Amino acid sequence: MKPIQMVDLVGQYEKIKPEVDAALHEVISTAAFINGPQVKALEQELAEYLKVKHVIGCGNGTDGLQVALMALGLKPGDEVITASFTFVATVEVLALLGLVPVFADVLPGTFNLDPADVARKVTPKTKAIVPVHLFGQSADMDAMLAIAREYNLYVVEDACQSIGADHSGSNGKRKSGTLGDIGVTSFFPSKNLGCYGDGGALFTNDDELAMKIRRVCNHGSRQRYYHETVGVNSRLDSLQAAVLRVKLKHLDEYARARNAAATVYDEAFGGLKGLTTPGRSSFSSHVFHQYTLRVAGGRRDALKKHLEEQGIPAMIYYPVPCHLQDAYKGDRFPAGSLPVTEHLAAEVLSLPMSTELDAGQLQHITRAVASFFN
Ligand SMILES: *Cc1c(COP(=O)(O)O)cnc(C)c1O
């Protein structure tokens, strides 16, 4: 049996090596490293795949979130409702811009924002909601958009973990990240559509916002050496775009492979007491960025150790919610308890999940989990 990793990027590369190598060679031989034709082509191909009007490449997902909030013209002191049960980047960009993160709790089954708590957290200062589509499944966008309409709020989707997922709501079937004003994704190597370094992209159907996003990414400039607003330097480079163009063609097949592994896990764990398998939303397909279990009774860390002893890595995403991090405690950040978030942080455990898990590896993992409970 091949050693088990959380993600097997080398195994994935081996299968697409000729295509990737040729694409990289082409960029190098033309030296069009910055804003080359590969970047434009990827933006177009991804826009077609997502059925969204504009895709704008940027340096990484964190930049994408920051750029989105800058393009919307949010001002210091504006409140933004988001999840605490997320990767810190979602919250960090709010703090950097002087915005006030107001945390809403999540639902225990899907790990995504609880619409009822989001609605409770709206104040006259609220300007935006940032739903995070955690672990590969979309938050309830019908509910988020209804709250946004009622209180006149922007919606920025953190789709860093959900690219390719379908949201089926009142607007029909749409790709995750294309329902709000702006969607953001990350091409970090281990993400579902990962490049070979850093990368990210923003999506929008709004022409004016697309212009503003491009301007912020390019030092606040549309015409070289003329700067209309304060911007940043955030670009997707051509080598990464070339890799992504190859991998985009495989994205749906990759999601199927992840779902196949998730089904094996679901079936193996269904009857185990004290273990809860990830919930599936009625309104979203799942692309399983992570397969995340809940382990009751304070046994999570013991299960993690038990798996590691059998050569199986398992990770805790995320052990400390943002509102309990040292960086986000204190006067600037409104406190409050988030019982579900805090409970989840103590229970969650993510198993290996990748496009390359084979039957032997899955059997080893499912048997190891079962042997812990039996
Ligand atoms: C990965 C990730 C980000 C940040 O993306 P980077 O490309 O690493 O900057 C933001 N939000 C979530 C939910 C993520 O998973």
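At what relative accessibility does R120 stand, and does R120 count as buried or exposed?

Analyst: R120 counts as exposed, at 60% relative accessibility. The cut-offs are these: buried is under 20% relative accessible area, exposed is over 50%, and partly exposed is in between, with a 1.4 Å probe and protein chains only. This is a predicted model, in which local features need pLDDT of at least 70 and side-chain atom pairs count only at pLDDT 80 or more, while totals for chains, interfaces and linings use all residues. Residues are numbered from 1 along each chain as its sequence is written, and side-chain values use heavy atoms, with hydrogens and water left out.

R120 has a charged partner. Its side chain forms a salt bridge with D117, with 3.2 Å between the closest N and O atoms. A salt bridge here is a side-chain nitrogen of Lys or Arg within 4 Å of a carboxyl oxygen of Asp or Glu. Both residues sit in helix α5 (residues 115–120), 3 residues apart, which is about one turn of the helix. Helices (H or I, at least four residues) and strands (E, at least two) are DSSP runs, numbered from the N terminus. The two ends of this bridge contrast. R120 is exposed, whereas D117 is buried, with a relative accessible area of 7%. K121 joins in as well: D117, R120 and K121 are linked in a network of salt bridges.

Next, the other salt bridges. The count comes to 19. One of them pairs K53 with D207, at 3.0 Å from N to O. This pair links distant parts of the chain, 154 residues apart. K53 lies in the loop between α2 (37–50) and β1 (54–58), and D207 belongs to helix α7 (residues 207–217). K53 is exposed at 51% relative accessible area, while D207 is partly exposed at 42%. In another bridge, the side chains of E228 and R222 meet at 3.1 Å, N to O. E228 is partly exposed, with a relative accessible area of 42%. R222 counts as exposed at 53%.

Now the cysteines. The structure holds 0 disulfides, a disulfide being a pair of cysteine sulfur atoms within 2.5 Å. C58 is buried, at 0% relative accessibility. For C322, the closest cysteine sulfur is in C160, 13 Å away, again too far for a bond. C322 also counts as buried, at 2%.

On the surface, I28, F33 and I34 form a nonpolar patch with about 270 Å² of accessible area together. Patches take residues with over 30% relative accessible area and no salt bridge; like charges are joined within 9 Å, nonpolar side chains (Val, Leu, Ile, Met, Phe, Trp, Tyr) within 5 Å. The areas come from the Shrake-Rupley method with a 1.4 Å probe, and for residues only the protein chains shown count as cover. F33 is in the loop between α1 (9–30) and α2, and is partly exposed at 35%.

Aromatic contacts come next. There are 13 aromatic pairs. Rings of Phe, Tyr and Trp (its six-membered ring) pair if their centres lie within 6.5 Å; planes under 30 degrees apart are stacked, over 60 edge-to-face, and the rest tilted. Y13 and Y196 make an edge-to-face pair, because their planes stand at 85 degrees, with ring centres 6.1 Å apart. The pair spans 183 residues, from Y13 in helix α1 to Y196 in the loop between β8 (182–186) and β9 (200–204). Y13 is partly exposed at 22%, and Y196 is partly exposed at 36%. Y265 and Y291 form a tilted pair, 4.7 Å centre to centre and 45 degrees between the planes. Y265 is in helix α9 (residues 251–269) and Y291 in strand β13 (residues 291–295), 26 residues apart. Both are buried. Elsewhere, F85, F87, F111, F135, Y317 and Y318 form one aromatic cluster.
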